[in-house]
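Subject: Structure for you to look at

Hello,

Here is the structure I promised to pass on. Please open it next to this email; my notes follow below.

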Amino acid sequence: MARVAVLGSGVVGTTLANGFLKHGDEVVRGSRSPGKLAEWKAAAGPKASTATFAEAVKGADLVVLAVRGSAAEEVVRLAGPDALAGRTVIDTTNPISDAPPTNGILHFFTTLEDSLMERLQRLAPRAKFVKAFSCVGNAHMVNPDFGGEKPTMFLCGNDEHAKREVEGVLAKFGWEWEDLGGAEGARAIEPLCILWCAPGFQRGQWSHAYRVLRRK
Ligand SMILES: NC(=O)c1ccc[n+]([C@@H]2O[C@H](COP(=O)([O-])OP(=O)(O)OC[C@H]3O[C@@H](n4cnc5c(N)ncnc54)[C@H](OP(=O)(O)O)[C@@H]3O)[C@@H](O)[C@H]2O)c1
């Protein structure tokens, strides 16, 4: 059993927190206003608790960052780069800008020469960021049902041990994975969110996930 700090009071935080609880872990949800999570905490049971971002990461075996992309750097500051040092941080965030999508194509506030996760890694250099869960809708994050086919999650990060740890989470949550190397891999992974969302915005289709096919 691990103690998982899930930073984020939104739907991704709820989905992943419930996923960890379902698999037997202890979860502390972080928010600037932990009181807003009282209802979730009451329903989630004795292994669930809530705290500020800074309190949540103390004593956590694993941290999940599930906050608005434009606030991610601020939340890392609030959690504390020193407190995050040495900890594995699953980064689910996407650098979606405030501008509305153009014909269903989202706008990002980053360029293809940088990524949000690299910015976070620079801000907390001793944290072990691993990008994961960023390129699929929350409804499919935990043990998704694609008729027996396992979808592929793309991950990356500078620390090999941290990536193996996140692969363990992905295995539990019913995923295969594709390791895209160091933190720079997030330049390729984050834009997959734009691709994933396009059929949703354009045609109302949100029930899909990526899968890598390989010729044997
Ligand atoms: N929605 C999806 O299906 C999906 C799928 C894949 C990836 N993602 C990514 O996952 C992340 C979370 O998405 P979400 O839809 O669950 O939640 P969200 O609405 O994008 O974010 C909510 C969280 O962001 C924090 N936040 C917002 N503004 C803030 C600020 N100015 N300063 C500090 N914290 C702030 C909130 O903190 P408080 O709790 O303090 O209010 C809250 O915890 C996003 O980066 C999104 O792109 C989403």
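Two strands count as paired if DSSP finds at least two bridges between them. Helices (H or I, at least four residues) and strands (E, at least two) are DSSP runs, numbered from the N terminus.

Some ground rules. This is a predicted model, where local features need pLDDT of at least 70, side-chain atom pairs count only at pLDDT 80 or more, and totals for chains, interfaces and linings use all residues. Residues are numbered from 1 along each chain as its sequence is written, and side-chain values use heavy atoms, with hydrogens and water left out.

Strand β5
Start with β5, residues 88–91. Strand β4 (residues 62–65) pairs with β5 in the parallel sense, over three bridges. There, Val 64 has Ile 90 as its bridge partner. Strand β6 (residues 128–131) also runs parallel to β5, joined by four bridges. Across that pairing, Asp 91 stands opposite Lys 131. From β5 the chain crosses through helix α6 (residues 116–123) to β6, and this β-α-β crossover is right-handed. Right-handed means that, with the strands pointing away from the viewer, the path from the first strand over the helix to the second runs clockwise.

In a regular strand, side chains alternate between the two faces of the sheet. In β5, Thr 88 and Ile 90 point one way, Val 89 and Asp 91 the other, and all are buried. Buried means under 20% relative accessible area, exposed over 50%, partly exposed in between (1.4 Å probe, protein chains only).

Glu 190
Which side chain does the side chain of Glu 190 make a polar contact with? That of Lys 131, at 2.8 Å. A polar contact is a pair of N or O atoms within 3.5 Å; within protein, one must be able to donate a hydrogen and the other to accept it, and residues adjacent in sequence count only if both atoms are side-chain atoms. Glu 190 sits in the loop between α8 (186–189) and α9 (192–203). Glu 190 is buried, with a relative accessible area of 1%.

The ligand
Val 67 has a polar backbone atom 2.7 Å from an oxygen atom of the ligand. For Val 11, a backbone N or O atom lies 3.1 Å from a ligand oxygen. A polar backbone atom of Asn 94 is 3.2 Å from an oxygen atom of the ligand.

Gln 121
Gln 121 is in helix α6. A polar atom of the Gln 121 side chain lies 3.3 Å from the backbone oxygen of Ala 124.

Best wishes
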